Amino acid sequence: MVQQIEDLLEHWLPLADDAWVLAVITHIQGSSYRKPGAMMLFHEFGQGAGILSGGCLEADLRRHAQQAMQSQQIACVTYDATDESDASYRLGCGGKVDIMLIPLLKENHDLGLVDIVQAFRKGQSGYYQLPLAPAGSDARSYAAQFYPAKSAPFPTADFPKAGILSQPEGEALIIPLRPRFHLGIFGGGIDAKPVAAIAHSLGWQVSVFDTRTAYARSADFPHAHIVKQSANEASTLVASLDCAVVMHHNLNLDAAALKAIQPFDLKYVALLGPAHRRDKVLEMAELSTDSFNGFFSAPAGLALGGELPSAIALSILAQCHGVLHGAPCSILDGIMP
């Protein structure tokens with residue numbers, strides 16, 4: 001399913017000359033499936049890319065998107081599920097969601113989406129500024145803007161998440177955007193397959209590093225980039241990683257991988273195996289648990305139970321996902337049964 005912003009843009013770009021509408025959540029009250037800044041694209045023939053709810057709003061949004069295309073005007077829609085006796089849209093979360101729909105036109109430079117594509121291709125993050133316009137505004141004169149992180153004309157520290165920027169000329173929604181997360185798997189054995197598969201399902205880029213000829217075969221990792229160089233030889237690629245899982249099942253190879261990873265600013269590094277093995281690998285690499293810039297997990301993952309590769313992959317990537325998103329690994333309702 002196309003959900004990540006990079007996937008949305010890749011879906012849109014080959015058909016950019018067709019008529020499209022961008023739908024974006026601007027405000028929420030109470031609970032909602034997606035948060036402000038979530039985006040979706042609608043094609044002139046009705047196809048949608050992305051989601052703004054659990055599937056309960058998209059059919060109605062498609063109708064509003066078609067109207068916006070035909071009128072070339074901005075549409076604003078509110079879905080209110082705070083009255084739980086009203087089952088019109090079956091939002092399920094009991095919240096109120098405001099959505100703005102903006103036609104992509106040559107006159108408004110396709111809302112600057114090409115600039116986002118170009119930034120992502122360079123590995124750059126940034127901020128997308130969408131002025132909040134009333135319904136019925138002429139979409140041809142609407143001006144959206146993408147700013148690379150270092151050149152944004154507002155305090156970027158104020159927007160770790162999407163939020164409203166108040167300016168003399170009016171309010172704008174600021175959405176922080178970044179390329180998809182890049183996971184490096186060091187060791188291409190059979191138990192690495194579910195790690196790669198789950199990461200791909202999350203929309204992450206996956207690279208599998210293994211110099212051994214019998215490992216990291218393309219058939220086993222159909223959605224990953226296979227790297228047959230050592231981590232040292234592929235240092236430029238290693239530098240582009242956000243996170244890494246080291247799982248060669250070989251002390252020397254694991255130690256060499258950790259040593260190659262350590263100089264770079266990865267947010268998460270996991271080493272497979274028990275604590276006594278961790279200590280041996282770190283000693284061989286002349287490193288310690290405090291040597292890494294980001295979160296170092298060894299033994300890798302959360303204590304979810306289970307011993308098969310898929311369960312281990314889930315525990316590692318659940319922890320990694322939490323670290324990448326700055327989320328505390330806690331129970332949602334605060335109660336552990």
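Visitor: How many bridges join strand β14 to β15?
Guide: Strand β14 (residues 268-271) and β15 are joined by 3 bridges and run parallel. Strands are DSSP runs of E of at least two residues, helices are runs of H or I of at least four, and both are numbered from the N terminus. Two strands pair if DSSP finds at least two bridges between them.

Visitor: What is the bridge partner of A270 in β15?
Guide: S297 is the partner of A270. This is a predicted model, where local features need pLDDT of at least 70 and side-chain atom pairs count only at pLDDT 80 or more, while totals for chains, interfaces and linings use all residues. Residues are numbered from 1 along each chain as its sequence is written, and side-chain values use heavy atoms, with hydrogens and water left out.

Visitor: What order do the strands of that open sheet have?
Guide: The order is β12-β11-β10-β13-β14-β15, 6 strands with parallel pairing. The edge strands, each pairing on one side only, are β12 (225-227) and β15 (295-297). From one strand to the next, the twist averages 15°.

Visitor: Which strands does α6 lie across?
Guide: Helix α6 lies across β10 (182-186), β13 (243-246), β14 and β15, and runs at about 165° to β13. Angles run from 0 to 180 degrees between N-to-C directions, with axes as lines fitted to C-alpha atoms, for helices over the stretch in contact.

Visitor: And at what angle do α6 and α7 pack?
Guide: Helix α6 (residues 251-261) and helix α7 (residues 275-285) pack at about 60°, with axes 8 Å apart. The two helices are therefore oblique to each other; angles under 35 degrees count as roughly parallel, over 145 as roughly antiparallel, 65 to 115 as roughly perpendicular and the rest as oblique.

Visitor: Which residues of α6 meet α7?
Guide: L251, N252, D254, A255, L258 and K259 in α6 meet α7 residues R277, K280, V281, L282, M284 and A285. Contact means heavy atoms within 4.5 Å.

Visitor: Changing topic: why is β5 largely enclosed?
Guide: Because 8 of the 9 residues of strand β5 (residues 96-104) are buried, the strand is largely enclosed by the rest of the structure. Buried means under 20% relative accessible area, exposed over 50% and partly exposed in between, with a 1.4 Å probe and protein chains only.

Visitor: Over how many bridges do β1 and β5 pair?
Guide: Strand β1 (residues 20-29) and β5 pair over 9 bridges in the antiparallel sense. V21 stands opposite P103 of β5. Strand β4 (residues 75-80) also runs antiparallel to β5, joined by 6 bridges, and V77 has I99 in β5 as its bridge partner.
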